[in-house]
Structure formats: structure tokens, C-alpha cells
Amino acid sequence: MRFGLFVPQGLRMDLPESPDPSAQLDTLLGVARAADEGPWDSVWVHDHLHTVPEQRDSTLFEAWTLTAVLARETRRVRIGQMACSNGFRHPALFAKMASTVDVASGGRLCAGLGAGWFRGEAVAYGYPWPGLGERMARFAEAVRVVHALWTERRPTVDGRYYAVDRPSNEPRGLPRPEFWIAGGGERVTLPLVARYGDACNVGAGDPAVVARKLAVLRAHCADAGRDEAGITKSTSLDVFPVGTEAERETARTYVLRHDSLARLDGGTAVRTVRETRERVAHLRDAGVEHLLVYLPGLAHDLEPLHRFAEAVIPVFR
């Protein structure tokens with residue numbers, strides 16, 4: 001298995017409070033460098049414009065500009081977004097931006113694209129928010145456009161929502177970004193993965209759900225005449241590992257302080273190292289090859305990063 005780490009970006013109000021956003025960025029970059037120096041395979045950001053679960057006036061760094069910074073501040077790990085909201089950028093611009101950042105990173109970009117789900121931020125920033133059916137139709141066309149700009153010279157795509165007329169996208173990357181398609185939708189998203197994706201992310205990882213989604217993906221790959229082994233299967237895991245059962249309550253208090261989503265049902269789970277290994281093993285057995293991990297509180301203490309790196313990752317190499 002491979003392991004990716006979400007950096008503390010501000011989305012979950014997980015950066016230190018500070019009047020100096022430059023200092024907050026330095027803290028974020030320190031986490032990314034620690035991952036780059038360890039056994040982690042990738043670092044990840046989210047593409048959101050508001051904090052979650054509610055809008056707060058606190059620092060949240062934008063995904064693509066942050067990805068470009070990470071491309072130059074790291075040397076080894078791959079860099080990705082999980083996942084860019086299709087409604088925020090024309091897909092041809094997304095493809096061009098990703099190609100540029102792939103070059104800046106030395107060919108380490110995992111470019112993630114999804115249909116988008118957060119209505120509140122789209123409306124606040126003035127982006128259209130059509131119904132689900134239209135959003136998925138737009139997403140399907142966008143995937144075609146992005147793939148065409150990365151694999152064809154001067155492509156033409158004439159869709160209902162997006163059209164490109166022989167654009168030049170040079171350089172296309174080194175040789176091009178990995179195309180990560182986010183979502184587990186069985187009728188639209190997974191068929192797109194089967195046809196166009198280098199990798200998929202089927203959401204927060206319940207092993208039974210992940211196994212079912214990947215079985216559906218295999219069927220779509222068979223229909224498309226594609227070997228599913230060529231697609232990286234991923235999911236996400238929010239966890240705070242502790243060494244012993246006695247540390248659990250103290251850790252819960254820490255997580256609640258430093259992760260806004262932990263206050264919701266299904267938020268970050270505090271698990272012992274043994275429980276964490278068991279969960280990862282279940283996800284591996286379900287077919288997960290690249291696990292994207294969120295560890296709360298890293299902007300304040302790197303101990304969870306080192307604990308996961310030392311006690312969990314080596315077990316699955």
C-alpha cells in the first residue's frame with residue numbers, strides 16, 4: 001500500500017490562530033516537509049473556499065496556488081488535490097494549470113477532479129449551482145475535455161456545456177499529470193474512471209462500501225475493455241492514533257479542539273495503533289492501494305504523523 005497525508009490547510013479550522021497568515025503557511029509547509037522526509041508517498045489538499053462544517057472567517061488556503069507552492073517546497077512525495085470542484089474552473093483551464101504544476105513538481109502531480117458538493121461556498125462565490133443531474137453531466141463532459149488536452153494534440157470537444165476548438169496545451173506535463181477522478185457514483189463517476197482515470201477515490205472508507213464500489217468499477221472496466229489493474233484505487237481515512245487505551249480520552253479532547261469536523265457524527269476516530277492497523281488492513285483487503293490519511297492537530301504537534309509513519313505504514317509495505 002501507499003499512503004498520502006492531508007496537510008492542515010485551514011479547511012477544518014486546523015491551523016494555529018494567528019494574525020500572520022505567512023506564519024500559518026510556514027506551519028503547513030513544515031508538515032509537508034516532514035511527510036516528504038518520511039515514508040509517506042504523497043501529500044494532499046482540499047479544493048474548498050469555505051471552512052467546514054460552517055463558514056468562519058479564518059485562514060483557508062486555496063488549493064491550486066497551494067499545490068504550486070508544495071510542488072517547489074517538496075522533493076519526493078507526489079502532490080494532489082482531493083478533489084477539485086469542477087464548477088470552480090473551466091476544464092480546459094484546469095488541464096492547463098495541472099500541466100504547469102506537473103512540470104513545476106518534476107512530474108509528481110496527482111490532479112483530482114470531482115463534481116463538487118458544497119452548495120454554500122459555490123453560491124457565496126458567485127458560481128452557478130445547477131441540480132445534481134446537470135452537475136454530473138457537466139462533470140462527465142469536463143473529464144472528457146481534461147483527458148483530451150492531456151492526451152491529444154489540438155483536440156476538439158463539442159459538448160453541451162463545454163467545447164474546445166483545437167487548443168494547444170504545451171507542455172502537457174512530464175509526461176502528463178495523473179488523472180484522479182473522485183467519487184463513487186456507480187452510473188456516472190465510476191464509468192468515467194474506467195474510461196479515463198488513472199486513479200479513483202471512492203470517498204471516506206467504510207471497507208464494505210469500498211469493496212462494493214470497486215467491484216462496480218471492475219465491471220465497468222470489463223465493459224470498457226480496460227484492465228482495472230492500471231487504475232489506482234484509493235479512499236480516505238480520518239484517524240488519530242494513540243499508543244494505549246489510557247490515552248484515548250485525552251486524545252478525544254485534543255481532536256475536538258483541533259478538528260472542526262470531529263464534532264460531527266462520523267468525524268475523526270481516535271484509535272489505538274492496533275485498531276488503526278486493523279482498519280487499514282480491512283481497507284487493503286477491500287482493494288485499496290493508496291490510502292489518503294487526515295491526522296488532526298498536525299499544525300500543533302507532529303507526533304501523530306510520526307506515530308502513524310513508524311507504527312502503521314511499515315506493516316503494509
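**Exercise 1. The second largest pocket**

Task: For the second largest pocket of this predicted model, state how its lining residues divide by class, what volume the pocket has, and which residues lie closest to its centre.

Solution. Begin with the classes: the lining of the second largest pocket divides into 3 nonpolar, 7 polar and 5 charged residues. Next take the volume, which comes to about 290 Å³ for this pocket. Finally, of the 15 residues that line the second largest pocket, M13, L15, P16, E17 and S58 are the closest to its centre.

**Exercise 2. The largest pocket**

Task: Determine the volume of the largest pocket, the residues nearest its centre, the elements that give two or more residues to its lining, and the division of that lining by class.

Solution. The volume of the largest pocket is about 1200 Å³. Its lining is made up of 46 residues, and those nearest the centre are W117, N201, G203, A204 and S236. Turning to secondary structure, two or more lining residues come from each of β4 (84–85), α5 (132–151), β9 (199–204), β10 (232–242) and β11 (269–272). Sorted by class, the lining of the largest pocket holds 21 nonpolar, 15 polar and 10 charged residues.

**Exercise 3. Enclosed space**

**Exercise 4. Strand β2 and its neighbours**

Task: Work out which residues of strand β2 are buried on each side, in which sense β2 pairs with β1 and with β3, and which hand the crossovers have.

Solution. In a regular strand, side chains alternate between the two faces of the sheet. Strand β2 (residues 42–45) has S42 and W44 on one side and V43 and V45 on the other, and all of these are buried, the cut-off being under 20% relative accessible area. With strand β1 (residues 2–6), β2 pairs in the parallel sense over 3 bridges, and G4 has S42 as its bridge partner in β2. The chain passes from β1 to β2 through helix α1 (residues 21–37), in a β-α-β crossover that is right-handed. With strand β3 (residues 78–81), β2 pairs in the parallel sense over 4 bridges, where S42 stands opposite R78 in β3. The path from β2 to β3 runs through helix α2 (residues 63–73), and this β-α-β crossover is right-handed.

Methods:
Residues numbered from 1 in each chain as written. Predicted model: local features only at pLDDT ≥ 70, side-chain atom pairs only at ≥ 80, totals over all residues. Heavy atoms only, no water. 1 Å grid on protein atoms, 1.4 Å probe; cavity = no way out; pocket = protein on both sides within 12 Å on 5 of 7 lines; lining within 4 Å. Points joined across faces, edges and corners; volume = space filled by probe spheres on them. Nonpolar A, V, L, I, M, F, W, Y, C, P; charged D, E, K, R; others polar. Buried < 20%, exposed > 50% of the residue type's maximum accessible area, 1.4 Å probe, protein only. Pairing = 2+ DSSP bridges. Right-handed = clockwise from strand over helix to strand, strands pointing away.
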